[in-house]
Amino acid sequence: MTSFRLGATALALALAAGFSSMAAAQTTMRISVSIPQNSHQGVAIDTFAKEVDKRTGGRYKIQPFYSGSLGAEREATEAVQLGTQELTFTSTGPVPNFVPDVKILDVPFLFRDYAHARAVLDGPIGQDLLQKFDARGIKALAWGENGFRHMTNSKRAVNGPDDLKGLKMRTMENPVHVQAYKGFGIIPTPMAFSEVFTALQQGTVDGQENPLSVITSAKFDQVQKFLTLTGHVYSPCVFLMNKEAFDKLSAADKTAFLEAAKEGVKANRLRVDSDEKIAVADLRAKGMTVVDTVDKTRYQATLAPVYADFEKQFGKANLDRIRNVK
């Protein structure tokens, strides 16, 4: 009986040690987005978390945070760089402040459509840009998507570029965007996304510009009357991870994280496609006036002096290399 009890005790201790070891082996990491969970960005990080758990056998748990609860995009990117936060999924709005090479993607009217943008990001140009993050203490796992950006405001319908003059517009904290919008005669007001709804509500700014997925998920129809489908800038997103944390992973786990990010991107782009199909009718039903016939050549002509400067900044050959991707 005594030996049985000793055996049972030993087994219990062994099991307890095993469970303790399993618990100790699980590593929790945080990932954040600046917009709500029910969005194209929310589905990206939820899918990523699920895939990391599956691909690492539960050894890594990714804890998602939404609506800027860990800080705005710039703050989250800085936290990832410093290592105080492991991961974020961010638009490229603040990214040029960390990796200047990415600025070229923000040039207005650079991309023809979604197929073109995705081909660029998934191809050699996009993959080369991902490598630029390494020197900044950040591992860029994969390009995702925010979408083509459109103009909204509370003052008047924008039927052409002249109607933009004098509008005080919130812009991302992005030097290329600010320069371009000044070219339209807009008064650009850079601010974090977390502040935008209140600024629109209080009239601190007249308008903003964002993809349809963001406009709908952020409920901007409640504080904006007019929408024009300018599609003036394609806005990527990107999965970012602290490089030191990534480098500590085993080779197999590095692959797991990279593949999980690719799955997150698939879910993200599918949601963008889905949102784009229903967003305009939804926003009209909610009372927004939508200008959906847009002569983009007029907007491009207005930006001719700005384009000349962009060619000096980025090199015409580099811009044409992106434009010519099929």
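1. A residue is called buried here when its relative accessible area is under 20%, exposed when that area is over 50%, and partly exposed in between. The model is a predicted one, and every remark that follows should be read with that in mind. By this cut-off strand 3, residues 87-91, is mostly covered, since five of its five residues are buried.

2. The side chains of strand 3 divide between two directions, with Leu-87, Phe-89 and Ser-91 pointing one way and Thr-88 and Thr-90 the other way, and all of these are buried.

3. Which strands pair with strand 4, and in what sense? Strand 8 runs antiparallel to strand 4 and is joined to it by 13 bridges, and Gly-147 has Ser-235 in strand 8 as its bridge partner. Strand 7 also pairs with strand 4 in the antiparallel sense, over five bridges, and here His-150 stands opposite Asn-210 of strand 7.

4. Helix 6, which spans residues 175-183, has Val-176, His-177, Val-178, Ala-180 and Tyr-181 as buried residues. What covers them includes strand 4 (138-153), strand 5 (168-171), strand 6 (187-190), strand 7 (207-211), strand 8 (226-242) and helix 12 (304-314). The N-terminal end of helix 6 is capped by Asn-174, which has a side-chain oxygen 3.0 Å from the backbone nitrogen of Val-176. Just after helix 6, Gly-185 takes a positive phi of about 85 degrees.

5. Among the elements that cover helix 6 is strand 6, and Thr-189 is found in that strand. Is Thr-189 buried or exposed? Its relative accessible area is 17%, and Thr-189 is therefore buried. Not counting residues up to four places away in sequence, Thr-189 touches Lys-168, Met-169, Arg-170, Thr-171 and Val-205.

6. How do helix 4 and helix 5 pack? Helix 4 (residues 114-122) and helix 5 (residues 124-131) meet at an angle of about 50 degrees, with their axes 3 Å apart, and the two helices are therefore oblique to each other. On the helix 4 side the contact involves Val-120, Leu-121 and Asp-122, which meet Ile-125, Gly-126 and Gln-127 in helix 5. By class, this contact has three nonpolar, two polar and one charged residues.

7. Gln-26 lies in the loop between helix 1 (2-25) and strand 1 (27-32), and it counts as partly exposed because its relative accessibility is 38%. Residues up to four places away in sequence being left out, Gln-26 touches Gly-58, Arg-59 and Lys-61, and the side chain of Gln-26 reaches the backbone oxygen of Gly-58 at 3.1 Å. Gln-26 and Thr-56, which are 30 residues apart in sequence, are 9.8 Å apart in space, C-alpha to C-alpha.

8. Ser-67, in the loop between strand 2 (60-65) and helix 3 (73-82), has a phi near 55 degrees, a positive value in a residue other than glycine, and Ser-67 is partly exposed, with a relative accessible area of 44%. Phe-109, in the loop between strand 3 and helix 4, also has a positive phi near 55 degrees without being a glycine; at 12% relative accessibility, however, Phe-109 counts as buried.

9. Val-280 lies in helix 10 (residues 251-285) and is buried, with a relative accessible area of 16%. Leaving aside neighbours within four places in sequence, Val-280 is in contact with Leu-212, Leu-229 and Val-290. Val-280 and Met-29 are 251 residues apart in sequence, and their C-alpha atoms are 37 Å apart in space.

How values were computed:
Residues are numbered from 1 along each chain as its sequence is written. This is a predicted model: local features need pLDDT of at least 70, side-chain atom pairs count only at pLDDT 80 or more; totals for chains, interfaces and linings use all residues. Side-chain values use heavy atoms; hydrogens and water are left out. Buried means under 20% relative accessible area, exposed over 50%, partly exposed in between (1.4 Å probe, protein chains only). Helices (H or I, at least four residues) and strands (E, at least two) are DSSP runs, numbered from the N terminus. Contact means heavy atoms within 4.5 Å. A polar contact is a pair of N or O atoms within 3.5 Å; within protein, one must be able to donate a hydrogen and the other to accept it, and residues adjacent in sequence count only if both atoms are side-chain atoms. Axes are lines fitted to C-alpha atoms, for helices over the stretch in contact, and angles run from 0 to 180 degrees between N-to-C directions. Angles under 35 degrees count as roughly parallel, over 145 as roughly antiparallel, 65 to 115 as roughly perpendicular and the rest as oblique. Ala, Val, Leu, Ile, Met, Phe, Trp, Tyr, Cys and Pro count as nonpolar, Asp, Glu, Lys and Arg as charged, and the others, Gly among them, as polar. Two strands pair if DSSP finds at least two bridges between them.
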